[in-house]
Amino acid sequence: MKKKSGDFFAALKSIILPESNDHRPANGPVTNNVILKELLDCFENSCKRESVGKSLLFNMHYLIILHPEVYEERLPSLPIIVKEALKAFYNNLKRYKKNYEELSPVSFHWQFRFAPGTDFNQEKIATDDVRVVGMLTGLKPIGSGGNDRHNTAKVTMKSKATNVFDKMDINLDVLRHLHFAENGTFTVKFNPELNVTNVAVTNNTVQKTARNADAGLARIECYMADKSKELVYIMKDTEIVIARKEPENLGYSNYLLIESGFVSNPHARIRWNEAQQSFQIASFSNNETRVNETVIAKSEAGDPRWFDLTDKSQVLLNGMVTLTLKQL
């Protein structure tokens, strides 16, 4: 058979140009399956990148930026995209779990926030673009303080230049011009059984679930003796970090920030142990941490030594800051 002249140029093109990791045609339409695939790719990347030792970690909060025309076109399908994404996430977690001793979600709920935009992070958003930003946990509302140079967050995002997901910093100011409407925001409680059976992902259901999540897991009352100040923190995530209030920590929703020089940065972590149905604390500070008058051992980074907390436990940080944990 005579070889077509175009075959030579096609072969030459394949040698000169690297094969794209994006399996949809260049400049192709953004379909529901395209959005779903981008979410799955971001999730898979986070499982490999965030997991540590025998603990399986993964992104639970996602921002999905679409061109305004595409956003309006896809809006009715968003609940189904979220439900299909959760099905795939749970199936993959079941598969990954075989290689890990512990499933370690750091958020109490999944969150998907869709928004229209024509540019994001100094890149133009065309009608054939999907920008997915993944995070272990959510971002705090953007404040108007004077620390803009620290107003960044570490996220998982696909670069247009390389077409692969990577860990990078984004300035939270890029979110100011995006409109995260209620009908494009979905919050669903994490199911430790790893399934979405009988879960209907609709805006009404999501609002109800979000209110339940807002009730929180625990109430932590904090008294700073050095400043004679008090604060109350509602623990909504399954694991939180206790740290000194510093500009670089302001972008994280699962941080209990304490304005005291007696608190280390970070000082400790508190988690909800689903298997034991109890709270636990690990201290990472060189300064003393006491639980109900018992000094607990210091943990090394990446190797927490968990100490059980009972309801209404009192935690004393460096002899000066008192935390009282009350289960909700």
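Contact, as used in this report, means heavy atoms within 4.5 Å. The model is predicted: local features need pLDDT of at least 70, side-chain atom pairs count only at pLDDT 80 or more, and totals for chains, interfaces and linings use all residues. Residues are numbered from 1 along each chain as its sequence is written, and side-chain values use heavy atoms, with hydrogens and water left out.

Helices (H or I, at least four residues) and strands (E, at least two) are DSSP runs, numbered from the N terminus.

R74 belongs to helix α3, which covers residues 68-74. With a relative accessibility of 16%, R74 counts as buried. Neighbours within four places in sequence aside, R74 is in contact with V30, T31, N32 and I35.

L36 is placed in helix α2 and is likewise buried, at 16% relative accessibility. When residues up to four places away in sequence are not counted, L36 touches I81, E84 and A85. The C-alpha atoms of L36 and I80 are 9.8 Å apart in space, while the two residues are 44 residues apart in sequence.

S51 sits in the loop between α2 and β1 (55-56), and its relative accessible area of 16% makes S51 buried. Two polar contacts involve its side chain; such a contact is a pair of N or O atoms within 3.5 Å, where within protein one must be able to donate a hydrogen and the other to accept it, and residues adjacent in sequence count only if both atoms are side-chain atoms. A polar atom of the S51 side chain lies 2.7 Å from the backbone oxygen of C47, and a polar atom of that side chain lies 3.1 Å from the backbone nitrogen of L57. Beyond residues up to four places away in sequence, S51 touches S46, L56, L57 and Y100.

## Salt bridges

Side chains of opposite charge can pair when their charged atoms come close. A salt bridge is here a side-chain nitrogen of Lys or Arg within 4 Å of a carboxyl oxygen of Asp or Glu. By this rule the model has 17 salt bridges.

| Pair | N to O distance |
|---|---|
| R49 and D166 | 3.3 Å |
| R74 and E73 | 3.2 Å |
| E221 and R219 | 3.0 Å |

R49 is partly exposed at 36% relative accessibility, and D166 is partly exposed with a relative accessible area of 36%.

E221 and R219 meet through their side chains. E221 is partly exposed at 25% relative accessibility, and R219 is partly exposed at 31%. Salt bridges that share partners join R219, E221 and K326 into one network.

## The largest pocket

Rolling a probe the size of a water molecule over the atoms shows where empty space is left. On a 1 Å grid over the protein atoms alone, a pocket is an open set of points where a 1.4 Å probe fits, with protein on both sides within 12 Å along at least five of seven lines; lining residues have an atom within 4 Å of a point. Grid points are joined across faces, edges and corners, and a volume is the space filled by probe spheres set on the points.

The largest pocket holds about 1,000 Å³ of space. Its lining has 36 residues, of which L57, V106, L136, E239 and R269 lie nearest the centre. Strands β8 (152-158), β13 (239-244) and β15 (268-273) each supply at least two lining residues, and β13 gives the most, with four.

## Backbone features in loops

The peptide bond from N265 to P266 is cis, with omega near 0°. P266 is located in the loop between β14 (255-258) and β15.

Positive phi values occur in residues other than glycine at E293, with phi near 75°, and at N318, with phi near 55°. E293 lies in the loop between β17 (289-291) and β18 (294-295) and is exposed at 62% relative accessibility. N318 lies in the loop between β20 (313-317) and β21 (321-327) and is partly exposed, with a relative accessible area of 24%.

How values were computed: Buried means under 20% relative accessible area, exposed over 50%, partly exposed in between (1.4 Å probe, protein chains only).
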